[in-house]
Amino acid sequence: MALRGILRLGEVCIRVLDLAAARTHYVDRMGLIEVMSDEEDRKIYCKAWDEHDHHSIVLREADEAGLDYVAFKVYDDQTLTDLEPRIQAFGLDVSRIDAGVYPKSGRRLEFFLPSGHRMQLYAEKAQIGNTLGTRNPGVMPDEGVIRGFRINRLDHCLLGGPNIDECGRLFQEVFDFDLSERIEDEESRDSLAMFLTCSTKPHDVAFVIQPEPGRFHHVSFLLESATDVIHAADMIGKYRIPVDVGPNRHGVTRGNTIYYFDPSGNRNEVFSGGYVHYPDTPTLTWDTSQMGPAQFSQDNIARESFLTVVT
Amino acid sequence: MRYRVHLEELELDFTCHPGQNVLECMIGAGKKGIQVGCRGGGCGVCKVEVLEGEFTARAMSKAHVDEESLVRRQVLACCITPRSDLSLKVIGKIAKPIQRRCQ
Ligand code: FES
């Protein structure tokens with residue numbers, strides 16, 4: 001697989017209860033770059049320094065926390081044209097959104113996943129670069145560009161809801177993702193979590209079983225190193241940001257991780273590392289007899305809150 | 001001003017310091033009784049009913065506290081700050097989609 005079709009998770013829109021508090025968290029503390037704001041719509045648009053596209057995180061003030069939508073970027077416009085009938089053939093209604101309705105963005109396809117989440121696909125978004133330029137770019141941006149938690153880019157999200165096997169089938173059959181890992185009930189063999197990749201990363205999206213549809217488990221950002229995870233943990237402590245799970249390593253995906261919450265209770269992760277996935281890498285399966293090591297492999301303790309607290 | 005917070009049924013008491021929300025005071029006192037989740041008013045697991053006393057509240061997710069809950073004084077412990085001694089009943093529950101088998 002040369003990487004074509006769906007490229008990556010490109011945009012996540014998070015509902016927040018207080019826009020000013022969200023700005024302090026995501027921009028001042030975490031170090032995302034605010035590229036645009038819309039005071040009327042009560043939205044802030046942000047990017048991580050090493051992303052070329054205009055923005056990857058949209059924060060929208062609302063009276064509920066949680067997820068508005070996730071949007072994946074595809075290779076080109078023809079990919080959108082080709083995917084539309086395939087998504088419909090899978091049984092989902094697809095609506096078309098004109099270019100420009102979402103700022104800096106080309107046309108989009110929108111549909112609801114079997115888990116209840118709103119998902120969009122787009123091929124084009126304005127690019128503003130990572131400050132280094134594209135000819136003889138060097139490697140180090142100016143002082144102050146990389147700051148806060150030193151986040152390189154948006155990486156993946158974990159969505160909670162019912163019908164996660166159907167979601168897995170959609171992503172594999174229609175979007176050409178691979179199932180990299182899966183957690184199942186030891187006895188019934190029912191799927192409890194599905195990890196899917198469209199790249200060489202261990203996952204680009206994951207689903208965890210939840211009784212209610214459309215739940216938001218977390219959005220995750222990539223750091224350069226495990227040292228940067230510890231640096232982020234120190235800042236999280238300094239600024240009294242609520243921690244869900246302190247620095248540890250995941251069994252599933254092998255990432256060095258820390259989980260914390262934004263001021264509206266939406267869970268965030270910063271992580272580094274993990275293995276390289278290829279299309280011929282076999283699916284790894286974990287079961288409930290090993291939930292500790294599957295979740296957190298340095299102390300092998302499963303966290304109740306990690307499975308039950310969502311927005 | 002410090003206020004006393006009492007959890008009914010659990011017969012648990014702790015002190016709230018000025019400017020702190022009820023949940024962070026419980027955590028700070030090393031007590032357990034109210035479920036601890038996101039601590040941001042988003043997940044709903046820390047829901048309590050205020051049986052007695054006055055408080056101020058910051059923004060709470062409508063998904064967990066709607067108008068009706070407010071009238072019943074059912075609010076999120078991570079979002080309320082006491083303005084008098086409080087007596088609370090824990091009502092937050094967490095769904096258990098994954099039943100772990102202990103081994
Ligand atoms: S702990 Fe999540 S709403 Fe209070």
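In the predicted model, the side chains of A:R182 and A:E184 form a salt bridge with an N to O distance of 2.7 Å. Both partners lie below the 20% limit for burial, and A:R182 therefore counts as buried with a relative accessible area of 15%, while A:E184 is likewise buried at 10%. Elsewhere in chain A, salt bridges with shared partners connect A:R153, A:D155, A:K201 and A:D204 into one network.

Over all chains, the structure holds 25 salt bridges. One of these pairs A:K125 with A:E11 through their side chains, at 2.7 Å from N to O. This pair links distant parts of the chain, 114 residues apart, as A:K125 belongs to the loop between β8 (118-122) and β9 (151-161) of chain A, whereas A:E11 is in strand β1 (residues 6-16) of chain A. Both A:K125 and A:E11 are buried. A further salt bridge joins the side chains of A:R42 and A:E39, with an N to O distance of 3.1 Å; here A:R42 is partly exposed at a relative accessible area of 31%, and A:E39 is also partly exposed, at 46% relative accessibility.

Between the chains, 23 residues of chain B are in contact with 30 residues of chain A, and the two chains bury about 2100 Å² between them, of which 60% is on carbon and sulfur atoms. On the side of chain B that touches chain A, the residues comprise ten nonpolar, seven polar and six charged.

Definitions and conventions:
Residues are numbered from 1 along each chain as its sequence is written. Chains are lettered from A and ligands numbered from 1 in the order in which they are written. This is a predicted model: local features need pLDDT of at least 70, side-chain atom pairs count only at pLDDT 80 or more; totals for chains, interfaces and linings use all residues. Side-chain values use heavy atoms; hydrogens and water are left out. Contact means heavy atoms within 4.5 Å. Buried area is the accessible area (1.4 Å probe) that two parts lose on being put together, summed over both. Ala, Val, Leu, Ile, Met, Phe, Trp, Tyr, Cys and Pro count as nonpolar, Asp, Glu, Lys and Arg as charged, and the others, Gly among them, as polar. A salt bridge is a side-chain nitrogen of Lys or Arg within 4 Å of a carboxyl oxygen of Asp or Glu. Helices (H or I, at least four residues) and strands (E, at least two) are DSSP runs, numbered from the N terminus. Buried means under 20% relative accessible area, exposed over 50%, partly exposed in between (1.4 Å probe, protein chains only).
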